[in-house]
Amino acid sequence: MIVTILFFALALIAISGAVSLILQRHPIHSALSLIVVMVAIAGLYLLLGAQFIAAVQIIVYGGAIMVLFVFVIMLLNAGAEERTNFSRMAAYVGLPLAVVLAAGMAWWASTGSQSLPTLSGEVTQTHALAMMLFQEYAFPFELTSILVLIAILGALTLAKRESGQE
Amino acid sequence: MVPISYFIVLSAVLFGLGVIGFLFRRNIITMFMSIELMLNAVNLAFVAFSRAFSQLQGQIFVFFVIVVAAAEAAVGLAIVILIARNRQTLNVERVNLLKL
Amino acid sequence: MSDFLAQHSLLFSSVVKAAILILMALTALAYLTWFERKVVAHIQSRWGPYRAGPHGLLQPLADGVKFITKEDPMPLGVDKFVFLLAPFLALSLALTALGLIPFGPQTITLFGRATPLGITDLNLGLLFLFALTSLGVYGVALAGWASNSKYPLLGGLRSSAQMVSYELSLTLSIVGVLLMAGSFSLRDIINAQQGWQLHFLPRWNIFAGPLPQLLGFFCYFTSAIAETNRAPFDLAEAEQELVGGFHTEYSSMKFAMFFMAEYGNMITVSCLATILFFGGWLSPFPGMGGWAWTRFIPAVVFLIAGISLIIDGIRYTTIYGRIVLPILGLVLCGVGALVAMPFASSYAQGPFWFLTKVLIFLFIYVWVRGTLPRLRYDQLMGLGWKVLLPVSLANVVLTSLALLVAHR
């Protein structure tokens with residue numbers, strides 16, 4: 001029962017954060033809403049029993065990637081967005097279609113039957129994840145380290161000012 | 001208890017909201033954040049399925065998605081800084097020099 | 001009524017423990033400011049707060065009254081929501097982190113349910129502590145940006161860049177401890193440090209095992225001082241440099257919240273240092289055999305403190321001090337006598353050693369502030385990326401090698 005209440009509370013927080021993300025005018029408010037969404041999703045991971053991934057989500061996504069976004073918004077002094085030509089067709093046709101789609105999904109969800117299987121009481125999920133990551137998936141793991149190195153070099157090269165410019 | 005389909009519907013709703021944000025916003029950084037929202041929704045679906053079938057591969061994939069999102073955010077934001085420096089605007093409709 | 005309490009005993013015992021912890025934490029934060037001002041003053045050959053109450057003990061109360069009654073202006077052009085959110089975020093994260101720390105091994109009974117000393121013990125407790133530390137960057141960055149002014153913006157950006165950089169070496173320097181303990185749970189890490197080696201050296205992580213974690217400890221403590229924006233790494237908020245850094249435009253209660261958040265982070269980091277490297281609540285003396293008398297050390301310490309306070313109070317300058325200080329001294333002697341009695345003695349051992357070690361680390365924090373000169377910002381970032389990060393990586397590699405060789 002507690003799980004149901006927590007699920008609906010976290011789902012509500014996540015959806016309202018996402019709606020706030022697309023409706024806010026200033027990018028910094030959108031960034032804060034995205035942080036709220038990420039923390040809510042970390043809570044949902046905890047409900048699903050994925051504790052390590054929940055912690056990694058908060059540390060990496062919420063504590064590093066979103067900090068990068070907030071830095072860039074502050075450095076570029078991004079202001080509130082200006083009003084541009086807004087497509088009427090999108091509002092008049094798209095929104096009702098989206099509502100129909102959502103109603104269809106809700107109907108499908110109510111006929112879904114598989115509930116959460118109980119936790120198998122595994123000893124440490126971190127241990128199992130680590131064994132799998134370093135044994136079966138060791139090659140993709142090493143590849144991601146090269147990917148991160150390429151990303152660091154790319155970001156440095158792109159954002160560096162040339163020595164000729166001021 | 002909560003059926004797994006609820007989690008999948010939530011993931012689909014968040015993904016849809018990310019798509020709406022990407023299509024309707026004009027600020028590059030906000031579009032980028034909508035992409036991150038879509039990636040998060042997909043991660044949620046992965047973890048939900050990993051729990052439903054009691055396999056850990058879903059969580060391993062989430063791990064890799066988070067790493068790739070971090071790398072992409074770093075390079076993407078560097079490009080955004082370059083655009084802001086060269087075109088003095090963050091409006092994606094103004095970056096249209098290659099348009100026919 | 002008692003039936004309702006018994007059914008929901010987990011909820012009620014957690015609420016009571018959290019309330020007690022918040023009260024104790026806020027009082028400790030207030031008196032930590034007094035402690036810092038006195039110690040830095042004595043290092044600089046002056047007295048520090050001396051007039052507000054005997055030995056300046058009422059100075060935190062005076063500061064609190066000042067903060068509450070001061071004018072609280074909101075500058076023009078600030079983003080109101082973010083301006084109000086930043087100190088709230090900083091303080092709530094600092095206080096939440098204190099809930100993950102275990103204070104003692106014993107279990108007490110609350111509402112008919114045996115609960116451990118400490119709010120909770122997560123089996124990924126250390127990882128969630130680092131998650132809270134990573135989120136703490138937002139308090140500083142958002143405060144700097146929302147103030148709509150140059151100095152706070154610069155100070156906020158520099159401060160948050162510094163915090164993000166030192167987070168790396170902070171988390172890497174404790175991987176050695178994790179490898180040796182085999183678990184993220186703080187209680188398991190402390191329990192893995194029990195026992196003695198070489199007959200007199202306790203098996204704390206800094207002395208013990210295949211590789212004593214000295215390198216890890218120095219990396220951890222240095223990164224922690226930089227992470228909490230304290231001297232000598234406080235360029236981003238020092239008065240001589242940036243007027244006040246990210247909290248320039250804040251005043252009265254919001255400034256007090258930033259202040260309390262900084263000291264709260266200091267306390268959390270000191271608690272982590274004792275748990276990870278110095279054995280947490282474990283006493284350095286074995287409690288049995290020829291050493292059974294060491295169980296009375298807490299009582300003796302309180303008695304000595306109480307008697308010295310009485311002697312100092314009798315010869316104090318003001319009449320008010322001559323009455324209050326001996327009363328405080330008698331209270332301390334009473335606590336010492338209480339702790340010596342058998343029914344309370346076993347409950348007092350763990351928390352006493354834990355709090356003693358945390359106090360020693362807080363003293364080292366304040367000592368470092370009063371003694372070392374400030375680092376320039378590029379020297380600071382160079383230290384974090386070019387020295388501490390490779391050294392903590394080397395610590396991880398060396399610890400893994402030592403463990404491999406030892407368990408061959």
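Which residues have the most contacts inside the largest nonpolar core? I began with this point and noted Ala31(A), Met66(A) and Ile29(B), in a core of 159 residues. I took a nonpolar core as a set of buried Ala, Val, Leu, Ile, Met, Phe, Trp, Tyr and Cys residues joined through C-beta atoms within 7 Å. A residue is buried if 20 or more other C-beta atoms lie within 10 Å of its own, exposed if 12 or fewer, and partly exposed in between, with C-beta atoms placed from the backbone.

**Basis.** I recorded that the model is predicted, that local features need pLDDT of at least 70 and side-chain atom pairs pLDDT 80 or more, and that totals for chains, interfaces and linings use all residues. Residues are numbered from 1 along each chain as its sequence is written, while chains are lettered from A and ligands numbered from 1 in the order in which they are written.

For Met66(A), leaving aside neighbours within four places in sequence, I listed contacts with Ala31(A), Leu34(A), Ile35(A), Met38(A) and Tyr61(A); two residues are in contact if their C-beta atoms, placed from the backbone, lie within 7 Å.

**Chain A.** I counted six helices and zero strands in chain A; helices (H or I, at least four residues) and strands (E, at least two) are DSSP runs, numbered from the N terminus. Of the 166 residues in chain A, 31% are buried. The domain assignment, automatic or from a database, gives domain 1 (1–79) and domain 2 (125–160). The centres of these two domains, taken over C-alpha atoms, are 23 Å apart.

**Chain A against chain C.** I found 13 residues of chain A in contact with 15 residues of chain C. Helix H3 (residues 51–76) of chain A gives the most to the chain A side, with 11 residues.

**Helix pair in chain C.** I looked up H2 (residues 9–43) and H12 (residues 252–277) of chain C, whose axes come within 10 Å and cross at roughly 100 degrees. Axes are lines fitted to C-alpha atoms, for helices over the stretch in contact, and angles run from 0 to 180 degrees between N-to-C directions. H2(C) is therefore roughly perpendicular to H12(C), a term that covers 65 to 115 degrees. Among the residues making the contact I noted Leu29(C) of H2(C) and Tyr263(C) of H12(C).

Terms used:
Angles under 35 degrees count as roughly parallel, over 145 as roughly antiparallel, 65 to 115 as roughly perpendicular and the rest as oblique.
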